[in-house]
Each structure stands twice: as structure tokens, then as C-alpha cells.
Amino acid sequence: MQFTENPPPPPLYPTRPWPDFPNSAKSLGSFNNAACMEQLLVHCAHAIEANDATLAQQLLWVLHNIAPPDGDSNQRLTSAFLRALLLRASRSGSSISGPATPHHPQLPLRLSAISLAGFIDLTPWHRFGFSAANSAIADAADGFPVLHLVDLTTTHCMQIPTLIDVLASRPEGPPFLRLTLPSTPASTSPPPTLDISLDELGSRLVNFARSRNVGMDFRVVPSTPADGFHSLLEYLGANCNNAGEALVINCHMMPHRIPDESAGGILSPRTVFAKSLRSLDPSLVVLVDEEADFTSSDVVTRLRAAFNYMWIPFDAVETFLPAGSEQRRKYEAAVCWKIENVIAQEGVQRVERLEPRGRWGQRMRAAGFVGIGFGEEAVMEVKSMLDEHSAGWGMKRDDDDLVLTWKGHDVAFATAWIPSSATS
């Protein structure tokens, strides 16, 4: 599957895309490839934004016929975007409607802790960051009696049991683990969600740590990415200046949920967040996120960017999960939620605002951090984990960073940062 990285912008409507618009399913075969499907979606998005009901209905009919939700990976991808466009039209009060149901049948998706762990283990999407981060976190804790880990993640602490095992295996004995995390609103949290409370999750983690002879404290601070975790950062500022404590901030696919626009001030919430982290003088900040750019205010630009990125999970699961399997339906439901959020939502409800690695790097350096490389042990951990998955997955090193790839396309990145004063 090949996609253009920077396609030229399409012409604006009301121009019709074809003089002889197809009027039967039999004449649609020429549109059944990824490039044509992307262009049809772009035309449809333009028509919806212009409230051109006639053109939009024609395009919706074509898309519905060439992209069944149970088709191949290209068709399922396109069907997800079709659903998102219909949802956008319905939320805008438009009279435009289509034959597809504007909600994924598997949503909402709530899983037990065991099922969630199995869900995450299906692909390296999250495990890549877990493996790289855990090795770096263990190194940062070396020589400290206490590790204070602030876990900013969308995976409900699924990374922590493996980290506890890593800490428990240290010859000199494990540090005491203080785990602090925010309690974020469920209404804007990506699926799957956990079917137990954070208190119950914390109790299970503490018991697991005890079984590994690791002392642990679990604390939840009500906070939200909508304001850059202001409450959490205030709490940390008052409670993390303890001697003998390694403070580590683990940002796993959560910072992109902080608004990227300036909220009427000089600095954007993401810049304020980075500067606030620096004021805590942490031992380490690990930043793991997806390598894409969904920050545009223009929905058509976001559609193109998302289409040329979100094909990856559809393509990846097709290599090892059979059609119609429950695992595939649940996994793709979570992907569809992301697509719907990128396309159908605006304002504070649009939380999937991915930003490229380079831009995050500029922000972290401006805030007073310097990047550090991952050690060979981290690299070997990631490579060993990737050996458990399909052959299409890979990893590359780019300066100090690690990058997860699928068939050569960048998927996610892992970066590690320390205060610049620590290197002087």
C-alpha cells in the first residue's frame, strides 16, 4: 500500500468531480483503490463543509458501495472515514445523511484488566513505548531509594506490572515505587476503557508489587489534559521535592490530548505544560506518541493526514487476525473512535491532536530539556518484543530517538529528556 506523504490540495467546490457521475454499483470498480477512496472522501468532506447536499449524497452513495465495513483493509479504512463524515454532518445540523450508521457497533468498549492487557498485546503500538520507557525509567531510578513515577497514559497503567518486574530484578534491591496519575474525564478518554475503578486498579497494582517484594504507593490526582494537567502539576510542585527520590514523568500517548491552540494567552497549553515539567526538575521525562500531524483547523487537511496514517492499524491486524474475529472488531472499533474524533469533533471534544516528533522536540528543548539516547538494553528490549509480532513491524534509531515502523512507515516515537542543567 502506498500513499503520498504531501498530496497537493484539491480544488474547492462547487465543481463536480466527474462530468458523468456513476449511477450504478457496477460502474464503481475503477474507484476501488486507496488513492481514489481518499480523493472521494476529500470531495465528500468539501461538499459537507459547503453544505452541498446534492453532491454530498452522490459521493456518500459511491463511498457506501465501494467501501463495505467488512471488506479489505482499504475498504474498512474508508468505511470508518465515511462514518466519521456522516457523524460530522449530523452534529452540524446538516440535512445531509447517508446509508451508513454513524456509530461503530462495538462502541463503547469496556474491558476487564486481563482483556485490556490482551488487547494491548495484539500489536506493538503501545508495547514499543512500554519497552523503551521501562528500561529508561529503571536506569533513571538507579541509586535512588524511591522512584516517583508520574504516569500520564491512556492505557490504564498496563505498563506498570512489567516495570515492577524490572525493578524487582535489580541485584541491589528495588526502590520504593510512588505512582501518581491523573483521573481524566471518561467522556473524552479513548477506548477501550477499564471496567474497574482507579481505586480498585491501584489496590491490584499494590498487591502485585507486594508479591514481587516491591513497596508501592498509589495516588490519583483529579486532573485533565484540557488545561494541561494544571491540578496535577500544582500537586507535584508541592509534593515532589524530596531528597533521595527520582522523579520520572512518563508521557505515553497522552500529551497530544493537551490542546495545541493558544487559549488566548501568549503560550500554548502544550508549551506551558513543557515548562511546568521543567520547573519540577525531574530526573527523566519519557515522551512516547504517534508520529502524525492532526493539528490543522481544516477538516480536509486532517482527513488527508489521518487517512495516510490510520491505514496502518487496519493493514497490520489483517496480517494476523481473521476476518470477522471478535478481537479484530474490537481493535478496529478503537481505531474508528480515533478517526471519528479527528474528523467529527471540534473544540475541547477533539482530543486526538497528534503532533510530529520534531515539533515536540523543539518544544522540549525550548522549555530547558535536552534529549538523551536510549541505552542498548532498551534497544534490545524493543527488538525482542518486536520478534513476537508480524514481520512488518520494525524499529529504527534516529539520533537519540527510537521510532516504531510498519512496512517502513513511521508509526510511533519514543524520546527521553533530562533538564539541560543536568548535563552541564
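Reader: How many residues of the lining of the largest cavity are nonpolar, how many polar and how many charged?

Author: They divide into 13 nonpolar, 6 polar and 4 charged. The classes are assigned by residue type: Ala, Val, Leu, Ile, Met, Phe, Trp, Tyr, Cys and Pro count as nonpolar, Asp, Glu, Lys and Arg as charged, and the others, Gly among them, as polar. The model is predicted: local features need pLDDT of at least 70 and side-chain atom pairs pLDDT 80 or more, while totals for chains, interfaces and linings use all residues. Residues are numbered from 1 along each chain as its sequence is written, and side-chain values use heavy atoms, with hydrogens and water left out.

Reader: What makes a space a cavity and not a pocket?

Author: A residue belongs to the lining if it has an atom within 4 Å of a point. Grid points are joined across faces, edges and corners, and a volume is the space filled by probe spheres set on the points. The search of the whole structure finds 2 cavities of 30 Å³ or more.

Reader: What volume has the largest cavity, and which residues that line the largest cavity are the closest to its centre?

Author: The volume of the largest cavity is about 380 Å³. Of its 23 lining residues, Trp-125, His-126, Pro-191, Ala-334 and Lys-338 are the closest to the centre. Helix 4, helix 5, helix 10 and helix 11 (326-344) each give two or more residues to this lining, and helix 11 provides the largest share, 4 residues. Helices and strands here are DSSP runs numbered from the N terminus, helices being H or I of at least four residues and strands E of at least two.

Reader: How do the residues that line the second largest cavity divide by class?

Author: That lining has 7 nonpolar, no polar and no charged residues. They are Cys-251, Phe-273, Leu-277, Val-285, Leu-287, Trp-360 and Met-364. The second largest cavity holds about 30 Å³ of space, and helix 9, strand 7 and helix 12 each supply at least two of its lining residues. In helix 9, Phe-273 and Leu-277 are among the buried residues.

Reader: Which element gives the most to the lining of the largest pocket?

Author: Helix 5 does, with 7 residues. The largest pocket has a volume of about 700 Å³. Its lining comprises 32 residues, of which Asn-134, Gln-159, Pro-161, Thr-162 and Val-166 are the closest to the centre. By class, the lining holds 15 nonpolar, 7 polar and 10 charged residues.

Reader: Why is helix 5 called oblique to helix 6?

Author: The two helices pack at an angle of about 40°, with their axes 10 Å apart. Angles under 35 degrees count as roughly parallel, over 145 as roughly antiparallel, 65 to 115 as roughly perpendicular and the rest as oblique. The angle therefore makes helix 5 oblique to helix 6. Axes are lines fitted to C-alpha atoms, for helices over the stretch in contact, and angles run from 0 to 180 degrees between N-to-C directions.

Reader: What makes helix 1 roughly antiparallel to helix 10?

Author: Helix 1 (residues 34-49) and helix 10 (residues 299-318) pack at about 160°, with axes 10 Å apart. Helix 1 is therefore roughly antiparallel to helix 10.

Reader: Why is Asp-399 called exposed, but Asp-281 partly exposed?

Author: Buried means under 20% relative accessible area, exposed over 50% and partly exposed in between, for a 1.4 Å probe and protein chains only. Asp-399, at 73%, is therefore exposed, and Asp-281, at 48%, is partly exposed. Gly-358, at 43%, is likewise counted as partly exposed; Gly-358 lies in helix 12 (residues 357-366).

Reader: What phi has Asp-281, and what phi has Asp-399?

Author: Asp-281 has a positive phi of about 50° although it is not a glycine, and phi of Asp-399 is near 55°. Most residues other than glycine have a negative phi, and most peptide bonds are trans. Asp-281 sits in the loop between helix 9 (269-279) and strand 7 (284-290), and Asp-399 in the loop between strand 9 (393-398) and strand 10 (401-406).

Reader: Which peptide bond is cis?

Author: The bond from Pro-191 to Pro-192 is cis, with omega near 0°. Pro-192 is placed in the loop between strand 3 (176-183) and strand 4 (193-194).

Definitions and conventions: 1 Å grid on protein atoms, 1.4 Å probe; cavity = no way out; pocket = protein on both sides within 12 Å on 5 of 7 lines; lining within 4 Å.
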